[in-house]
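Good morning, and thank you for coming. Please keep the picture in view as I speak.

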2 protein chains.
Amino acid sequence: MVESGLLRSYTVDSKGKEHIYMFGPENWIVTDNCPPGSPCQLYIDAIEDAVLKVATKEELLKETPDINALLRRLNAMQTRIVMLMSANAKERYEHFIQTYPDIIQRVPQRMIASYLGITPEALSRVRKELSHRQQ
Amino acid sequence: MVESGLLRSYTVDSKGKEHIYMFGPENWIVTDNCPPGSPCQLYIDAIEDAVLKVATKEELLKETPDINALLRRLNAMQTRIVMLMSANAKERYEHFIQTYPDIIQRVPQRMIASYLGITPEALSRVRKELSHRQQ
DNA sequence: TTCATTTCTTGATGTACATCAATGCAGCCG
DNA sequence: CGGCTGCATTGATGTACATCAAGAAATGAA
């Protein structure tokens with residue numbers, strides 16, 4: 001649970017490449033929740049200096065069995081999947097800046113590219129095209 | 001809630017193409033859970049004749065506030081995102097047949113391709129390559 | 001300030017997968 | 001039986017994005 005600062009969780013694929021799964025700004029819970037018996041998928045580290053509240057799953061569920069928070073999270077994941085399946089690089093970026101305008105300010109572009117599932121070069125070109133189009 | 005049969009939920013992108021978000025076999029809950037005020041993303045229909053139990057969100061949460069089911073579902077979504085971001089067509093297919101061997105038998109290949117985020121043609125070629133390799 | 005380090009951009013080329021089009025191959029119904 | 005209809009396969013071609021490599025620009029430390 002992030003009290004201040006900014007975390008990221010990410011996987012590393014078979015070629016050693018990192019893919020950011022989610023950003024964790026203030027008040028987000030960042031966790032892998034690996035099912036018992038199977039290994040975790042995610043690494044977690046801090047992009048900004050952060051203050052965290054660390055808890056086990058049991059403590060967390062006892063404190064705040066907040067079903068609605070879980071449902072919102074499920075919904076965010078659903079939107080992410082839909083985006084990854086049905087939108088191209090430009091559409092994904094546009095959706096991201098609308099949905100998380102604050103995050104954009106705080107992380108380097110290469111991490112946004114990683115979150116979107118594209119390379120930094122591809123993101124750079126998308127941004128160039130968008131900035132031209134505005135004028 | 002699926003009592004028998006098989007559902008699919010899917011989106012339709014800006015070009016009219018369908019993308020299967022999830023399959024709903026027996027005992028799965030299939031829903032969009034759209035946040036209030038925003039439109040839904042998913043269509044739902046039946047691949048096999050099905051018997052359903054239909055409930056509102058409130059009824060469902062009152063009956064079975066099953067946090068662990070929600071967590072498992074979150075985990076499945078996480079795995080799906082990780083796959084879409086970090087695995088190629090062949091890896092995604094191999095993961096799918098390991099994770100949902102039963103589903104393979106029950107749906108046409110074009111729907112599996114749609115779930116994997118590739119075209120039926122691409123899936124056909126992946127399968128061809130895998131069957132050659134086995135011999 | 002200067003140098004070092006990292007990030008961003010730009011261009012040239014490569015590749016995984018999409019698209020398009022044709023063919024094969026069931027199952028089904030007259 | 002023949003003809004239809006939808007799915008799977010195969011080949012040829014197209015394209016979005018990746019990769020590689022080189023600068024440019026920002027960041028940060030001494």
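Of the 135 residues in chain A, 38% count as buried. Please bear in mind throughout that this is a predicted model. The C-alpha atoms of chain A fill a box of roughly 55 × 30 × 30 Å along the principal axes. Of the contacts in chain A between residues at least 6 apart in sequence, 61% join residues at least 24 apart.

Let us turn to the secondary structure. Chain A has 6 helices and 3 strands. Read from the N terminus, its elements follow the pattern β-β-β-α-α-α-α-α-α.

In what order do the 3 strands of chain A form their open sheet? The order is E2-E1-E3, with antiparallel pairing. E2 and strand E3, residues 43–52, are the edge strands of chain A, and each of them pairs on one side only. On average, neighbouring strands of this sheet are turned by 15° against each other, direction ignored.

Consider next the pair E1 and E2 of chain A. Strand E1, residues 2–12, runs antiparallel to E2(A), and 6 bridges join the two. Within this pair, A:Leu7 stands opposite A:Gly24, and A:Tyr10 has A:Ile20 as its bridge partner in E2(A). The hairpin of these two strands has 5 residues between them, and there A:Gly16 takes a positive phi near 85°.

We now move to chain B. Here, too, 3 strands form an open sheet in the order E2-E1-E3, and the pairing is antiparallel. Its edge strands are E2, residues 18–24, and E3, residues 43–52, each pairing on one side only. Neighbouring strands in this sheet are turned by 15° against each other on average, again with direction ignored. Strand E1 of chain B, residues 2–12, pairs with E3(B) in the antiparallel sense over 7 bridges. As one example of a bridge to E3(B), B:Leu6 has B:Glu48 as its partner.

Which helices lie across this sheet? Helix H2 of chain A, residues 67–86, lies across E1 and E2 of chain B and runs at about 135° to E2(B). Helix H5 of chain B, residues 109–116, lies across E1, E2 and E3 of chain B, at about 100° to E2(B).

How are the two chains related? A rotation of 180°, with 0.0 Å of shift along its axis, superposes chain A on chain B with an RMSD of 0.0 Å. That is the relation of a two-fold axis. The same surface serves both copies, since 100% of the contact residues of chain A recur in chain B.

As a general point, nonpolar side chains in soluble globular proteins tend to be buried together. In this model, the largest nonpolar core has 24 residues, and those with the most contacts inside it are A:Tyr21, A:Met77, A:Ile81, B:Tyr21, B:Met77 and B:Ile81. Strand E2 and H2 of chain A, together with E2 and helix H2 of chain B, are the elements that give two or more residues to this core. The core also draws at least three residues from each of domain 1 (1–65) and domain 2 (66–135) of chain B.

A:Tyr21 shows how the chains meet. Setting aside residues up to four places away in sequence, A:Tyr21 touches residues of its own chain, including A:Met77, A:Arg80 and A:Tyr115.

By contrast, the C-alpha atoms of B:Gln41 and B:Ala76, 35 residues apart along the chain, are separated by 19 Å.

Thank you for your attention.

Conventions
Residues are numbered from 1 along each chain as its sequence is written. Chains are lettered from A and ligands numbered from 1 in the order in which they are written. This is a predicted model: local features need pLDDT of at least 70, side-chain atom pairs count only at pLDDT 80 or more; totals for chains, interfaces and linings use all residues. Side-chain values use heavy atoms; hydrogens and water are left out. Two strands pair if DSSP finds at least two bridges between them. Helices (H or I, at least four residues) and strands (E, at least two) are DSSP runs, numbered from the N terminus. Axes are lines fitted to C-alpha atoms, for helices over the stretch in contact, and angles run from 0 to 180 degrees between N-to-C directions. Contact means heavy atoms within 4.5 Å. A nonpolar core is a set of buried Ala, Val, Leu, Ile, Met, Phe, Trp, Tyr and Cys residues joined through side-chain atoms within 4.5 Å. Buried means under 20% relative accessible area, exposed over 50%, partly exposed in between (1.4 Å probe, protein chains only). Domain bounds come from an automatic or database domain assignment. Copies are superposed by least squares on the C-alpha atoms of residues with pLDDT of at least 70 in both.
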